[in-house]
Amino acid sequence: PSNSTAGDCQLGPAATPHIILFPSAGMGHLVPFTRLAVALSAGHACDVSLVTALPTVSSAESRHIAALHAAFPAVRRLYLSLAPFDAEASAEFPGADPFYARYESLRRAAPLLLGTLLASATASALVADIALASVAIPVARELDIPCHVFFTASATMLSFKAYFPTYLDAHGSATAICDVDVPGVCRVPRSSVPQALHDPDDIFTRQFVANGRALAAADGILVNAFEAMEPEAVAALRSGAVFAGLPSVFAVGPLMPVKLRETGDEVAEEQGNCNDYRAWLDAQPPRSVVYVSFGSRKALAREQIRELAAGLEACGHRFLWVVKGAVVDRDDAGELGDLLGEVFLRRVKGRGLVTKSWVEQDEVLEHPAVALFVSHCGWNSVTEAAARGVPVLAWPRFADQRVNARVVARAGLGVWVEQWSWEGENAVVGAEEIAERVAAAMGDVTVAEKAAGVREAAERAVADGGTSHRSLAEFVRHCRGRN
Ligand code: UDP
Ligand code: UDP
């Protein structure tokens, strides 16, 4: 029912490793894979191919892939057509998150499609997304191709994931999940364990545990984290304290944002609506704006959106707020006015800019007008805030985000109000509380200084000779050893 097509370029010279990158789905995975592709191709002279499963789940992914290939033609394309598997996955897991359903489709397709694709490409190594680890590793092994895993979240979350199967084995997988003590790293309280993991039959849990068990069979693990920000986690992963059998862990973050000009940009610019937020930001005084975003793929509950709106209005600061009305952008047809009310939009006009469009988040974070990032703590957002030194007011919503929020708070990149609710807890955080916390974070000189310190540490890590730069070079040496 499906097929694969290899790219048409010639292989590089024997000394140039050819690395095939295999992301799963969603911008939270595609973005760091893109950064890795560019770092390996432009920064470390590797021959790189990026596997793209078509059709993509979201429009944001399609636009991003087109822009990547326009800007970096040296990164080769390998396509997998996948459509027929999605229905099967959703029938078994009714109501599943569309991105997790796509992981499932990819996982089922991998033995056949990935095998065909790898057999026809001369690869030095495969780098598989964490969500595909347990299915990709055996396929690569069969063909005698080393398989590394790219973990797109924090090193702390990686340690939790690597340890979680041991926890289940010790406690019995049928018992309720309590606090999880990750050896050498931290205690992840029950309340910070990703919601889905409390249900052993959840689609996410099944994948998470299978992939966690597979980590020891990988040839190496890349993580978009850096030693100075998560020293305990990186050390414990490497020393064997978390899990004795783990392969080398390459901490290569924060992978640097790549400037891409998205194909829609010209059209939108002509229509005069694309640069709205850019022009608006340019008109604001330095360090005066609160940037608010909960990532690429989750909508807040309507009631929470209304409280947040009132809170931002009451906080007394300018704000740029990216609002989402649905999990997948293609389904998000509603108007801003329906979500927030025209009256609100009129009242805040000028002082606040609210948009449902995609913004180039890294451009926003780098803008001198931006002083604070109210963030869900998706790991890419955290790494981007770290790279630009923008303090974070952490408001995690689901999955790994509370674990990441703890990293943010401990590293001094920002503050986390731990009692603020996340998905599955009914409490709505009120407008007054939001306004107070935003105002306090805007006025917090210490947190701004510490965030600037995190930026400096990130810059040192990725500079020539820095820990992350050396780690990536070492990874490339591993791959080169195979030619
Ligand atoms: N992003 C963006 N513009 C948007 C929304 C998201 O550029 O309007 C980017 C963001 O910079 C990050 C990625 O999309 O690189 C989202 O990944 P993250 O891990 O932060 O959160 P997720 O969306 O996976 O929950
Ligand atoms: N994840 C994982 N194993 C999986 C699927 C996801 O470890 O099989 C991790 C993923 O890297 C991230 C977290 O679980 O740390 C949330 O995954 P998701 O894909 O939902 O990321 P999001 O899109 O929310 O950023």
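1. Some ground rules before you look around. Residues are numbered from 1 along each chain as its sequence is written, while chains are lettered from A and ligands numbered from 1 in the order in which they are written. As this is a predicted model, local features need pLDDT of at least 70 and side-chain atom pairs count only at pLDDT 80 or more, whereas totals for chains, interfaces and linings use all residues.

2. Start with ligand 1. It has 18 residues around it, and the closest are Gly-28, Gly-295, Gln-361, Gly-378 and Ser-381 (a residue is near a molecule if its C-beta atom, placed from the backbone, lies within 6 Å of it). Two elements give two or more residues to this shell: helix 1 (27–43) and helix 15 (379–388). Helix 15 gives the most, with four residues. Helices here are DSSP runs of H or I with at least four residues, strands are E runs of at least two, and both are numbered from the N terminus.

3. What about the classes of residue around ligand 1? The shell has six nonpolar, nine polar and three charged residues. Ala, Val, Leu, Ile, Met, Phe, Trp, Tyr, Cys and Pro count as nonpolar, Asp, Glu, Lys and Arg as charged, and the others, Gly among them, as polar.

4. Now ligand 2, which is surrounded by 15 residues; Gly-28, Ala-153, Gln-207, Ala-399 and Asp-400 are the closest. Helix 6 (155–171) and helix 7 (203–214) are the elements giving two or more residues to this shell. The largest share, three residues, comes from helix 7. By class, the shell around ligand 2 divides into six nonpolar, six polar and three charged.

5. Most residues other than glycine have a negative phi, and most peptide bonds are trans. The bond from Leu-54 to Pro-55 is cis, with omega near -5 degrees, and Pro-55 sits in the loop between strand 3 (47–54) and helix 2 (59–71). The bond from Gly-253 to Pro-254 is cis too, with omega near -10 degrees; Pro-254 is in the loop between strand 10 (248–251) and helix 9 (264–270).

6. Positive phi turns up at Ala-45, near 55 degrees, in the loop between helix 1 and strand 3. Asp-144 has a positive phi as well, of about 60 degrees, in the loop between helix 5 (133–142) and strand 6 (147–151).

7. Are Ala-45 and Asp-144 buried or exposed? Ala-45 counts as exposed because it has 12 C-beta neighbours inside 10 Å, and Asp-144 is exposed with 7. The cut-offs, using C-beta atoms placed from the backbone, are 20 or more others within 10 Å for buried, 12 or fewer for exposed, and partly exposed in between.
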